[in-house]
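This report describes a two-part model in plain terms. Please keep the sequence and the 3D view open while reading.

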Amino acid sequence: MSRIYRFLVIASLFLTVFSKQVFAESSYVLPYPGTMPGSKLYKLDLIKEKLSEYWYFGDFAQFDYNLQLADKYLVEAKTLFEYKQYLLGYNALEKSNSYFKNIPPTLVNAKRNGKDTSDKKAILDQAAKKHVEELIIMKKNVPQVFNWSPEKAAPTNLNLWKLIDDSIKARNSI
Amino acid sequence: MIRKIYYLYLVLFLTFSIFTYLFVDSNFFYLKSLVTGIGLHDRILVSLIYLLYMVLFFILYFLLIKNINRVPAVIKSSILPTVIVLAFLIFSYPTIISYDVFNYAATAKVTFGYRENPYIIMPIEFRQDSLLRFTQAANKIALYAPFWILISFIPFVLAFGNYLVLIYLFKLLAAIFLIGCVYLLLKLSDKPNPALYFALSPLVLVETIVSGHNDIVMMFLALAAFYFAKNKKILISLVFIFLSILIKYSTIVLLPTLIYSIYLIARNVKIDWDRIYFLNFVLLFIVFLLSPIRAEIYPWYAIWPLSFLVLTKKRNLIYLFTFFSFCLMARYIPYMLTGDNFGLTPNIKMFMTFFPTGIIALYMIFKKKLLANNSL
């Protein structure tokens, strides 16, 4: 009997030490990066984005609009950080956060208007989870603080880690 | 004799309205007590009955248009029976051949009920709505242009949330626009024949009043555009053609002929309207033939070219189109019989639609009869 116990203890220790840790991953799919700052089409994209706000009327449409843009700017930030464009990436992540914060109120309004929001809530949960996954990866690849020195103005410190932490917090708080 | 034929035609439509109720879907809970399941399970029987109806409809229709000069007097003395049959048709059950009227209801509900943009939000996103139980295109955004969606506000409001009432109201709306088309055809022609040819067509009656398709609204507005152009009311004419385009886009092809007509009017040049109407027929027929690019050839699309064909003097072509209309209405049979839209069904439908008509068309071209001018 003691042999069996010994075997089980050794086997479980072996599995604990050598097994690969696996975390649940969100199946939510983020979009490809679109036009980037600096591209001639980027300004057109911004105009289209502004006009779309009126086209996307209705609670669910507003949900889609804000989520699409939160996704878009998250991907934009990630790409820009990869290219070490920290200032532009910082701005993109701030935009993503701003659109993300607009999403929960659309669901509150939809519920108030008698719409079943359970599907949308599930999508939002998945999206938030995916965002957090990406933000964690992002944090590993950027410096904690980036000193930005514009030509004709005082230098500014961009606290990238703090922004990423705040972004994660915002996604986890929904 | 013509009176008897006309009455028989009316009686046939009356019984056809009742026949449509064999196709009531059990998910359409408003009519649960009328569900028989025959349309779904006795496929051979209902396909044969449907075929018999179509054969009889078109034979009687052909006899009526062959004696079209005697028809107005018969209709004038039979107003009440005609109105009764029209009412029966409005209360027929639409899904015998198409679920489109349910799609109109779904789009109206998304737009005016939930106040969402129907070009972004699909009906399926409102899972709690009972509409999803009986509508078929719930996973699609709005397929129609904005003016149609705007018009659908009227039946939506008048239905007070009852989908059964909403369906009948859409069909009533289609019937009103059909009457509008008949009125315009009477105005555009110096004879009542084109209007009668159009109004009595089994394809027009079934697809407009039984199925409630909105194509009739688009064609009413297009005919109105040419009517106002003819009466030198250019601005109103242009407004109507744009409204027509904003129903279902197809009439955009009429812009060149309308603008050309307006140009000739402005220059005080006498217009050969018969030629303009024939050109409109050709343009709309091309769009009709190109419709498989988007989906497939639907029989109700034939209403587009037919609306202008009846105004031309090409009687043989009109007869050929009558036969073609029959072939189009017969397209429903393969699906009715098999319940399957795949496999051989699309090929059989294509063969049924074009092969018999093509043979007759070739014969008429060979005999130089197809485009001969000979008014109805």
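This is a predicted model: local features need pLDDT of at least 70, side-chain atom pairs count only at pLDDT 80 or more; totals for chains, interfaces and linings use all residues.

Residues are numbered from 1 along each chain as its sequence is written, while chains are lettered from A and ligands numbered from 1 in the order in which they are written.

**The chains**

Chain A has six helices and two strands, where helices (H or I, at least four residues) and strands (E, at least two) are DSSP runs numbered from the N terminus. Along the sequence, the elements of chain A follow the order α-α-α-α-α-β-β-α. Of the 174 residues in chain A, 28% are buried. A residue is buried if 20 or more other C-beta atoms lie within 10 Å of its own, exposed if 12 or fewer, and partly exposed in between, with C-beta atoms placed from the backbone. Two residues are in contact if their C-beta atoms, again placed from the backbone, lie within 7 Å. Among the contacts in chain A with a separation of 6 or more, 64% are between residues 24 or more positions apart.

Chain B contains 19 helices and zero strands. The radius of gyration of chain B is 21 Å, close to the 21 Å from the globule rule for 376 residues, so chain B is as compact as a globular protein of that length. That radius is taken over C-alpha atoms, and the rule is 2.2 Å times the number of residues to the power 0.38. Along the principal axes, the C-alpha atoms of chain B fill a box of roughly 60 × 45 × 45 Å. Buried residues make up 44% of the 376 residues of chain B. For contacts in chain B between residues at least 6 apart in sequence, 72% join residues at least 24 apart.

**Contact between the chains**

In the contact between the chains, 10 residues of chain A meet 10 residues of chain B. Helix α3 (residues 59-82) of chain A supplies the largest share of the chain A side, three residues. The chain A side divides into five nonpolar residues, one polar and four charged. Here Ala, Val, Leu, Ile, Met, Phe, Trp, Tyr, Cys and Pro count as nonpolar, Asp, Glu, Lys and Arg as charged, and the others, Gly among them, as polar.

**Two helix pairs in chain B**

Axes are lines fitted to C-alpha atoms, for helices over the stretch in contact, and angles run from 0 to 180 degrees between N-to-C directions. The axes of helix α9 (residues 163-188) of chain B and helix α10 (residues 193-200) of chain B come within 7 Å and cross at roughly 155 degrees. α9(B) and α10(B) are therefore roughly antiparallel; angles under 35 degrees count as roughly parallel, over 145 as roughly antiparallel, 65 to 115 as roughly perpendicular and the rest as oblique. The crossing of α9(B) and α10(B) is right-handed. A crossing is left-handed if the near helix is turned anticlockwise from the far one by less than a right angle, and right-handed if clockwise. On the α9(B) side are B:C181, B:V182, B:L185 and B:L186, which meet B:P194, B:A195, B:F198 and B:A199 in α10(B). The residues of this contact are eight nonpolar, no polar and no charged.

Helix α12 (residues 215-230) of chain B packs with helix α13 (residues 234-248) of chain B at an angle of about 165 degrees, with their axes 8 Å apart. This makes α12(B) roughly antiparallel to α13(B). Their crossing is left-handed. The contact of α12(B) with α13(B) divides into 14 nonpolar residues, two polar and two charged.

B:I234 lies in helix α13 of chain B and counts as partly exposed, with 15 C-beta neighbours inside 10 Å. Leaving aside residues up to four places away in sequence, B:I234 touches B:A229 and B:I262.

**Loop residues in chain B**

Most residues other than glycine have a negative phi.

B:F160 counts as exposed, with 8 C-beta neighbours inside 10 Å. B:N268 is exposed too, with 6 other C-beta atoms within 10 Å.

B:N162 is in the loop between α8 (153-158) and α9 of chain B. B:N162 counts as exposed, with 12 C-beta neighbours inside 10 Å. The C-alpha atoms of B:N162 and B:Y30 are separated by 9.1 Å, although the two residues are 132 residues apart along the chain.
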